[in-house]
Amino acid sequence: MAQGPVPSPGKKTSGFRIGGYSSYLLLVPGLAIATIFMILPLAIMTVVSFYTTAPSSTGYLKIFTAQNYIDFFTAPNTPTLLLNTFSLALIAAVICFAFGFPLAYFLTFRIKNATFKNYVITLLIVPFLIDASIRTVAWIAILGRDGIVNYALLSLGAIHSPITALLFSRNTLYIIWLQTYIVFMEFPIYLAMNRIDPDLISAAKVLKAPPHRVLYDIVFKLSLPGIICGFVFVFVSTLGDYVTPNLWAGGVQTLGLSISRYSDNFLWPYASVLSTMLLIISVIVLFISFKVVDIRKLVYE
Amino acid sequence: MECTRMKLSDIGIRAYIAILILLIYTPIILMVVLSTNTSGRISFPYEGFTTKWYNGKPSGFEYGSYISAYYDWAFWIAFQNTVYVAFAAAIMTTIIVTTVAMTLRHRIFGRNALFYIILLGFLVPGVALGLGNNILFGIMNWQFTWWIAAMLDTVYAVPFGLILMMARFDPDLMLYERAASVLRASPLSVFRRITLPLIRWEVVSAAIFGFVLAWGELIRTSFVARGTGVISTYISTQLAINPITPKWYAVGTIITGISIIALVFMGFVLSRGQK
């Protein structure tokens, strides 16, 4: 148990309750906040998405119409918008996986020093928790017009004038998202790998299994729940992030970005339509993933 | 032969981890370095050391990006608001994580539904949640005050705190509680004397996590912040209208320093709990 926050195998104790119904009373603060600040807003947002846009004080009239959705599905840029949103989030998740899976593997099976492991995991959390604008703006020092990359290339004579496209591209977006959300990928995989019995790997090695088979059949397959959790976490987080694309995507349009644009212009019904679509996409992804993996195992059972 | 090969692969692994950490941290390190640069732009090479972006006394003609962090009064108002928001979020997160974790351990009716609802706080796209709250508060004519940001941060932080706490529960915790209650201890004293001492580090770490998350949250907050707002919204609105100077790197260094101190403290607390 010393090597990290590893869930311990829960003992089968029968359900003891703190004074019967009072345990439901304990849920009041949590459910109240979740209802008022999450369920209610999302419900109202869905309702507003059916309202008629009008130049009134609120920006809409309470007349139900499907026109917003018709507008959305017939708009010429909708397919690009959906494709951009989907592909950016998916590629970000794949990149986080490509870096996070080896890291989780090394931390679980190859690094024995518990303090070192804790340090690495803590170091991965820091970028996620620092200020979002600061985190993105910090990349100017590296990829900006006068950043370190351009400076190095110029002094090496590889280029003659600074490359400005370095900063404003999808690649910058992926790097920033990797920096921010790798912890979401890394952590569930790490937890899942910690549950793999190391004897299983030794047994496979004794029986002369080639390394790639050990990696695929044991490590990958047994940590698949963690991998899927990680994919979902990174996917939905990048779906909801409009700040980073706003600064650095180089004009790539995403659903999140359009939502913030429309809401800045007080076009609530249309912003709500986009937001509802985003919500539907994430719920579908979550639903499918949680059919495959039981996320509750992260916490109980 | 086998021995040297093992060593080589160990070096490779450590190099991989080091490169990854470096990739993640280079911008942060450069931010700290360039916040002391005399140049008025974010630029290389480094021209010379100065603390003017931190505490340079303004002559009265500077605006926005050229006023040092110390003399930027709007930043300090935002800072003060952020402290309120972060402490409120920390307190709310602690209470909710603890109460929900206490309940979710038991096979109560609706446990799965409850768990998924709590988890949604982190899985709903931030921009949708922000917009929803914005519309709701507009319709209800509720005031946009700092505690709304604290509530949104709480909704976001609770799933993390819950997973952290429940994944680390002592497997015998429920056994001890049962023993105490069989011996006629009241539910409240069971919690106070048995449960709380055993989970106290997880409770503290949930509080710190709520604090740090609220400290840097922008996506949800940007929809409900008004006026100067909190640090994250203040910086993002300032950056939209002002040039990016080392002043913002100085500001970033100050607030990142506070997050890192809080996180180091959290790491310390969690390692205490493992003993």
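Reader: Leaving aside its neighbours within four places in sequence, with which residues is Ile142(A) in contact?

Author: In this predicted model, Ile142(A) is placed in helix H7 (residues 140-143) of chain A. Once neighbours within four places in sequence are set aside, its partners come from chain A and from chain B. They are Gly147(A), Ile148(A), Val149(A), Thr26(B), Pro27(B) and Leu30(B).

Reader: Is Ile142(A) buried or exposed?

Author: A residue counts as buried if 20 or more other C-beta atoms lie within 10 Å of its own. Ile142(A) has 22 other C-beta atoms within 10 Å, and therefore it is buried.

Reader: What distance separates the C-alpha atoms of Ile142(A) and Thr65(A)?

Author: Along the chain, Ile142(A) and Thr65(A) are 77 residues apart.

Reader: Which helix gives the largest share of the side of chain A that touches chain B?

Author: The contact involves 83 residues from chain A and 90 residues from chain B. On the side of chain A, the largest share amounts to 12 residues, and these belong to helix H2 (residues 28-48) of chain A. By class, that side comprises 22 polar, seven charged and 54 nonpolar residues. The helix asked for is H2.

Reader: What percentage of the contacts in chain A with a separation of 6 or more is accounted for by residues 24 or more positions apart?

Author: Chain A contains 15 helices and two strands, and 42% of its 301 residues count as buried. Its C-alpha atoms fill a box of roughly 75 × 70 × 30 Å along the principal axes. Among contacts with a separation of 6 or more, the part from residues 24 or more positions apart is 71%.

Note on methods:
Residues are numbered from 1 along each chain as its sequence is written. Chains are lettered from A and ligands numbered from 1 in the order in which they are written. This is a predicted model: local features need pLDDT of at least 70, side-chain atom pairs count only at pLDDT 80 or more; totals for chains, interfaces and linings use all residues. Two residues are in contact if their C-beta atoms, placed from the backbone, lie within 7 Å. Helices (H or I, at least four residues) and strands (E, at least two) are DSSP runs, numbered from the N terminus. Ala, Val, Leu, Ile, Met, Phe, Trp, Tyr, Cys and Pro count as nonpolar, Asp, Glu, Lys and Arg as charged, and the others, Gly among them, as polar. A residue is buried if 20 or more other C-beta atoms lie within 10 Å of its own, exposed if 12 or fewer, and partly exposed in between; C-beta atoms are placed from the backbone.
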